[in-house]
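Hi,

Here is the structure I promised to pass on. Have a look at it first, and my notes follow below.

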Amino acid sequence: RMEFLESGEAVREVKTREFEFQLHLPACPYDLRVTVSIESPTAADGRGPREPDPGWESCRVKERTSFRTRGGWQADLTKVVTETRGHGGTSSATTFEVEFELGAEQT
């Protein structure tokens with residue numbers, strides 16, 4: 001995956017999902033998912049900083065606000081607009097995410 005920081009810098013990383021638990025809440029307008037992932041930087045592959053992978057099918061644009069604690073935890077509140085292209089054209093969907101991360105130096 002490729003992430004663009006507010007500074008405009010592009011960061012390429014591999015995100016490996018180690019564990020996932022999904023909880024369906026029929027009485028609520030949302031569901032819960034707990035995921036444990038490891039994010040590792042990866043070397044540049046020769047493409048320019050803003051060039052997506054060839055043949056991309058979806059693009060996620062995130063607006064994120066982050067809060068950090070002295071104990072190494074970070075909470076991210078994110079609005080995500082996902083653009084998907086396919087045979088029927090392009091569609092867009094907006095979702096909201098809450099994410100808690102423990103910094104690598106704490107693990």
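Which side chain meets Glu99 in a salt bridge? It is Arg64, at 3.9 Å from N to O; by salt bridge I mean a side-chain nitrogen of Lys or Arg within 4 Å of a carboxyl oxygen of Asp or Glu. The pair links distant parts of the chain, with Glu99 in strand E6 and Arg64 in strand E4, 35 residues apart.

Before going on, some housekeeping. This is a predicted model, in which local features need pLDDT of at least 70 and side-chain atom pairs count only at pLDDT 80 or more, while totals for chains, interfaces and linings use all residues. Residues are numbered from 1 along each chain as its sequence is written, and side-chain values use heavy atoms, with hydrogens and water left out.

Back to the charges. Arg64 also forms a salt bridge with Asp76, where the closest N and O atoms are 4.0 Å apart. Since Arg64 lies in strand E4 and Asp76 in strand E5, this pair ties together parts that are 12 residues apart in sequence. Asp76 counts as buried because its relative accessibility is 1% (buried is under 20% relative accessible area, exposed over 50%, partly exposed in between, with a 1.4 Å probe and protein chains only). Arg64 at 30% and Glu99 at 21% are partly exposed. Asp76 and Glu99 also stand opposite each other in E5 and E6.

The structure holds 3 salt bridges. One of them joins Arg17 to Glu20, with the closest N and O atoms 2.9 Å apart. Arg17 is exposed at 54%, and Glu20 is partly exposed at 30%.

Now the fold. There are 0 helices and 6 strands (DSSP runs numbered from the N terminus: helices are H or I with at least four residues, strands are E with at least two).

E4 and E5 pair over 11 bridges, and they form a hairpin with 4 residues between them, where Gly72 in the turn has a positive phi of about 100°. E5 and E6 are joined by 14 bridges and by a hairpin through 2 residues.

Thr82 in strand E5 (residues 73-86) is buried at 18%, and its bridge partner in E6 is Ala93. Leaving out residues up to four places away in sequence, Thr82 touches Ser58, Cys59, Arg60, Ser91, Ser92 and Ala93, a contact being heavy atoms within 4.5 Å.

Last, the surface. Phe19, Phe21, Leu23, Tyr30, Leu32, Val34 and Val36 make a nonpolar patch of about 660 Å². Patch members have over 30% relative accessible area and no salt bridge, with nonpolar side chains (Val, Leu, Ile, Met, Phe, Trp, Tyr) joined within 5 Å and like charges within 9 Å; areas come from the Shrake-Rupley method with a 1.4 Å probe, and for residues only the protein chains shown count as cover. Strands E2 (10-23) and E3 (32-41) each supply at least two of its residues.

Cheers

Key: Pairing = 2+ DSSP bridges.
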